[in-house]
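Please look over the sequence and the model shown below.

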Amino acid sequence: MSTTKKKSEMGPGRIYDMLLGARTADKITVHFKDGRVVHGALIFNPYKGTGRVINIDQEVSIDFAVDEIKDLKM
């Protein structure tokens, strides 16, 4: 029995590594598993595996856990 993931979904380890690298990026785009897409600045706590994306223009901030993220673009 093989366990295959959807091609559009990255693994949690890869997402975690990308979040660590994206902490210094000016702006990121986060695609969530529930279909939401959020653009903004990133705050990430690697010890808890949680973070927040803040979009100043739209006055929106979204809290997240690493396991809620489907894809991440810088």
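The report runs from the overall fold to single residues.

## Basis of the model

This is a predicted model, in which local features need pLDDT of at least 70, side-chain atom pairs count only at pLDDT 80 or more, and totals for chains, interfaces and linings use all residues. Residues are numbered from 1 along each chain as its sequence is written, and side-chain values use heavy atoms, with hydrogens and water left out.

## Fold and surface

Helices (H or I, at least four residues) and strands (E, at least two) are DSSP runs, numbered from the N terminus. Along the sequence the order is α-β-β-β-β-β.

Of the 74 residues, 31% are buried. Buried means under 20% relative accessible area, exposed over 50%, and partly exposed in between (1.4 Å probe, protein chains only).

Among contacts with a separation of 6 or more, 46% join residues 24 or more positions apart. A contact means heavy atoms within 4.5 Å.

## The nonpolar core

The largest nonpolar core has 16 residues. Such a core is a set of buried Ala, Val, Leu, Ile, Met, Phe, Trp, Tyr and Cys residues joined through side-chain atoms within 4.5 Å. Leu19, Leu42 and Phe64 have the most contacts inside this core. H1, S1 (28–32), S2, S4 (60–65) and S5 (69–73) each give two or more residues to the core. H1 supplies the largest share, four residues.

Beyond its neighbours within four places in sequence, Leu42 touches Leu19, Ala22, Arg23, Ile28, Arg52, Val53 and Phe64. Ile69 lies in S5. Ile69 counts as buried because its relative accessibility is 1%. With neighbours within four places left aside, its contacts are Ile15, Leu19, Val30, His31, Phe32, Lys33 and Phe64. Ile69 and Arg36 are 33 residues apart in sequence, with 9.6 Å from C-alpha to C-alpha.

## Aromatic rings

The whole structure holds two aromatic pairs. Rings of Phe, Tyr and Trp (its six-membered ring) pair if their centres lie within 6.5 Å; planes under 30 degrees apart count as stacked, over 60 as edge-to-face and the rest as tilted. Tyr16 and Phe44 form an edge-to-face pair, 5.5 Å centre to centre with 75° between the planes. This pair links Tyr16 in H1 (residues 12–22) to Phe44 in S2 (residues 37–45), 28 residues apart. Tyr16 is partly exposed at 26% relative accessibility, whereas Phe44 is buried at 8%.

Arg36 places its charged end over the ring of Phe32, 4.4 Å from the ring centre. The criterion is NZ of Lys or CZ of Arg within 6 Å of the ring centre and within 35 degrees of the ring normal.

Asn55 belongs to S3 (residues 50–55). Asn55 is buried, at 7% relative accessibility. Its side chain reaches the backbone oxygen of His39 at 3.0 Å. That is a polar contact: a pair of N or O atoms within 3.5 Å, where within protein one must be able to donate a hydrogen and the other to accept it, and residues adjacent in sequence count only if both atoms are side-chain atoms. Apart from neighbours within four places in sequence, Asn55 is in contact with His39, Gly40 and Val60.

Glu59 lies in the loop between S3 and S4. Glu59 is not a glycine, yet has a positive phi of about 55°. Glu59 is exposed, with a relative accessible area of 74%.
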